[in-house]
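Please look through the model below with the sequence beside it.

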Amino acid sequence: MKIVAVKDFAEMSKMAAAKISHQVKEKQNSVLGLATGGTVVGTYEELIKDHKQNQTSYEEIHTVNLDEYLGIDKDNPNSYHQFMMENLFSQININPENIHIPYGLATDYEEESKKYEKVISDLGGVDLQLLGIGVNGHIGFNEPGTSFDSVTHVVELEESTRQANKRFFNSIDEVPTHAITMGISTIMKSKEILLLVSGKTKAEILEKVINEGITETIPATVLKNHPNVTIIADEEALSLVDDEKKREFDQDKEEFSNKYILAN
Ligand code: F6R
């Protein structure tokens, strides 16, 4: 697991976008695994800028999103579908047919989960998966205790997850109780994974992910089993990791920032 330590949210977003833009240019029909939430918004802004200024093209790109809330329709402003349309897809040249997000109003969720797994495998798997992390260590919506063998499935959201996400809703009552998410084994099949972590609220969980062993009670620790993971984390998120450990990351940052540069 490589760890790229950056100053702040802005630097994290630029670095992540540089990596994604590089992927899109290297393999024009890449399958990108995408996330929603506050952490990735800056990355998407940078990708839009890069698309407009440098003509980076998404014409042949396919995307698969990690998750969607259950019980709300695609055009609901709080759906992850709308989030993606607003924050990225409507502003780049992606073919709408190449966008894949689980459907939150499916009549049969088991069927929808199976269908989603098939979509991913028919595409040949995810080339680069972007992740955020929950304060409880979730990736996608795989809450603590989720089996590492899990595939796409329906989950009941933890109270801490609903509380963390209520900022996007009018009140906690509106935050859905369930979601459909790629499973942990689905995520782990991605060829490469980029986890973004920013801010003080993530410091405690990031320290655990870095220093503790691999355990289903902290889902993100599974990433230590993956051969190609990079975490980009800012100073606030890394504030509980001791300085000696942080010095071990210097080389990772140098390598990453020499390789992935956004031309703007
Ligand atoms: C979103 C997702 C979640 C978020 C995580 C962090 O698609 O799968 O795992 O990445 O909850 O959310 P933010 O970035 O809002 O702190």
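The buried residues of helix H3 pack against strand S2 (31-34), helix H2 (38-54), strand S3 (62-65), strand S4 (67-69) and helix H5 (159-165). Contact here means heavy atoms within 4.5 Å. Helices (H or I, at least four residues) and strands (E, at least two) are DSSP runs, numbered from the N terminus. The buried residues of H3 are Tyr80, His81, Gln82, Phe83 and Met84. Buried means under 20% relative accessible area, exposed over 50% and partly exposed in between, with a 1.4 Å probe and protein chains only.

This is a predicted model, in which local features need pLDDT of at least 70 and side-chain atom pairs count only at pLDDT 80 or more, while totals for chains, interfaces and linings use all residues. Residues are numbered from 1 along each chain as its sequence is written, and side-chain values use heavy atoms, with hydrogens and water left out.

In what order do the seven strands of the open sheet lie? The order is S1-S10-S9-S6-S2-S3-S5, and the pairing is parallel. Two strands pair if DSSP finds at least two bridges between them. The edge strands, strand S1 (2-6) and S5, each pair on one side only.

S2 and S3 run parallel and are joined by four bridges, with Gly33 opposite Val64 in S3. S2 also pairs with S6 in the parallel sense, over two bridges; there Leu32 stands opposite Leu128 in S6. S3 is joined to strand S5 (residues 99-100) by two bridges, again parallel, and Thr63 stands opposite Ile99 in S5. Together, S2, H2 and S3 make a right-handed β-α-β unit. A crossover is right-handed if, with the strands pointing away from the viewer, the path from the first strand over the helix to the second runs clockwise.

Now to the aromatic rings. Rings of Phe, Tyr and Trp (its six-membered ring) pair if their centres lie within 6.5 Å; planes under 30 degrees apart count as stacked, over 60 as edge-to-face and the rest as tilted. The count by this rule is five aromatic pairs. Why is the pair of Tyr80 and Phe141 called stacked? The ring centres of Tyr80 and Phe141 are 6.0 Å apart and the planes are at 20°, so the pair is stacked. Tyr80 lies in helix H3 (residues 80-87) and Phe141 in the loop between strand S6 (128-131) and strand S7 (153-156), so this pair ties together parts that are 61 residues apart in sequence. Both Tyr80 and Phe141 are buried. Tyr69, Tyr80, Phe141 and Phe169 form one aromatic cluster.
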